[in-house]
Amino acid sequence: MLLTVLDQESEAWPRLPDLDSGSGWSTQPWCPAWSYSPTLARSGQIDSVGPTRSTPTVAGRAARKSQWQINCGGDAFTAQMWALPKDFVSVAAIGLKADYQPGLMTIVNTLDLSGRQAPPTEANRNDIAVSFDGLAAGQQLTAGSSAVTFSVTFRNTSQNTYGRLQPLVVTEPYPGSPPVQVVQGPNDGKLERQDGDTWRPAPMGPGSDMGYAVADQASLFSLAPGQTRKVIYRLTLGAGNGPGDMPVSAQVTLPYNGSKLTVLGEKKISVKVAK
């Protein structure tokens, strides 16, 4: 049995679309029957009937359930999955013996979500106010010059408590960006985040994928209602940047889960790059 509790939608199994799929009970080419042996996986003889869907009440909330009957190399078993879509909570029980069903249902029926805060949605996009200090809109920076130190402050203006947040500060493409993107993003230079007495490298820009959004565990912080967190950065612009207005973006998000970036606050300014 697998109990999954997430902060946001994920691409990892089990997902909501799996409840509607004939093979949604598993993403692997084997059968987790009680008497499972590796030879069944190699046989390729997997027959699945279902899903049979229902809408039970779990933890006092509307839930979805799907059930499949599986035959794998002559060994039959049942696969079951429950989902609480608004809470991103799911239960999967694949291949349990029938005499475990009462115990399984006891677990499902006694789930208690009364203390669970609803996961953030688009309505929470402005829960955290973001502000710059030491770097202002229209401020002139010279390509190839010394580093500029600035801070970004994140203030929780909502009534929600956030236990794991990550700051994302990047420079974005602009007309003066080098014609060939460098590894760390579209612009030439170096961005660092202060961690105690240490300066840690941070992605200069978003680059061509979402790699920049993968959380550096040292950067994570929590914010209760009314609390603030100040993060200090320093930016060094390389000589490869041309003149123009370069956007600098600051966001605070839930830790990136590989499929969706949940933004809870953001601020963007443009600085003038001179040669």
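The side chain of Thr171 makes a polar contact with the side chain of Asn187, at 3.0 Å. A polar contact here is a pair of N or O atoms within 3.5 Å; within protein, one must be able to donate a hydrogen and the other to accept it, and residues adjacent in sequence count only if both atoms are side-chain atoms. This is a predicted model, where local features need pLDDT of at least 70, side-chain atom pairs count only at pLDDT 80 or more, and totals for chains, interfaces and linings use all residues. Residues are numbered from 1 along each chain as its sequence is written, and side-chain values use heavy atoms, with hydrogens and water left out.

Stay with Thr171. It lies in strand β11 (residues 162-171). Strands (E, at least two residues) and helices (H or I, at least four) are DSSP runs, numbered from the N terminus. Thr171 is buried, with a relative accessible area of 2%. Buried means under 20% relative accessible area, exposed means over 50%, and partly exposed is in between (1.4 Å probe, protein chains only). Which residues does Thr171 touch, not counting those up to four places away in sequence? Among them are Pro186, Asn187, Met204, Leu235 and Val248. Contact means heavy atoms within 4.5 Å.

Now look at charge. Side chains of opposite charge can pair when their charged atoms come close. The structure holds 10 salt bridges. A salt bridge is a side-chain nitrogen of Lys or Arg within 4 Å of a carboxyl oxygen of Asp or Glu.

Start with Asp87 and Arg61. They form a salt bridge, and their closest N and O atoms are 2.6 Å apart. Asp87 sits in the loop between β6 (75-84) and β7 (89-94), and Arg61 in strand β4 (residues 61-62), so the pair ties together parts 26 residues apart in sequence. Asp87 is buried at 5% relative accessibility. Arg61 is partly exposed at 28%.

Next come Arg193 and Asp216. Their side chains meet in a salt bridge of 3.1 Å, N to O. Arg193 is in strand β12 (residues 189-195) and Asp216 in the loop between β13 (198-202) and β14 (221-223), so this pair ties together parts 23 residues apart in sequence. Arg193 is buried at 7% relative accessible area, whereas Asp216 is partly exposed at 32%.

Lys272 forms a salt bridge with Asp245, with the closest N and O atoms 3.0 Å apart. Lys272 is in strand β17 (residues 263-274) and Asp245 in strand β16 (residues 244-253), so distant parts of the chain, 27 residues apart, are linked. Lys272 is partly exposed at 41%, and Asp245 is partly exposed at 40%. Elsewhere, salt bridges that share partners join Asp20, Arg53 and Arg64 into one network.

Turn to the strands. Strand β2 (residues 46-54) pairs with strand β5 (residues 64-72) in the antiparallel sense over 7 bridges. Two strands pair if DSSP finds at least two bridges between them. Ser54 has Lys65 in β5 as its bridge partner. β5 and β6 also run antiparallel, joined by 9 bridges. Arg64 stands opposite Ala83 in β6.

Last, the largest pocket. Its space is about 250 Å³, a volume filled by probe spheres set on grid points joined across faces, edges and corners. On a 1 Å grid over the protein atoms alone, a pocket is an open set of points where a 1.4 Å probe fits, with protein on both sides within 12 Å along at least five of seven lines; lining residues have an atom within 4 Å of a point. The largest pocket is lined by 19 residues, and Leu6, Pro14, Arg15, Leu16 and Phe88 lie nearest its centre. The largest share of this lining, 4 residues, comes from β6.
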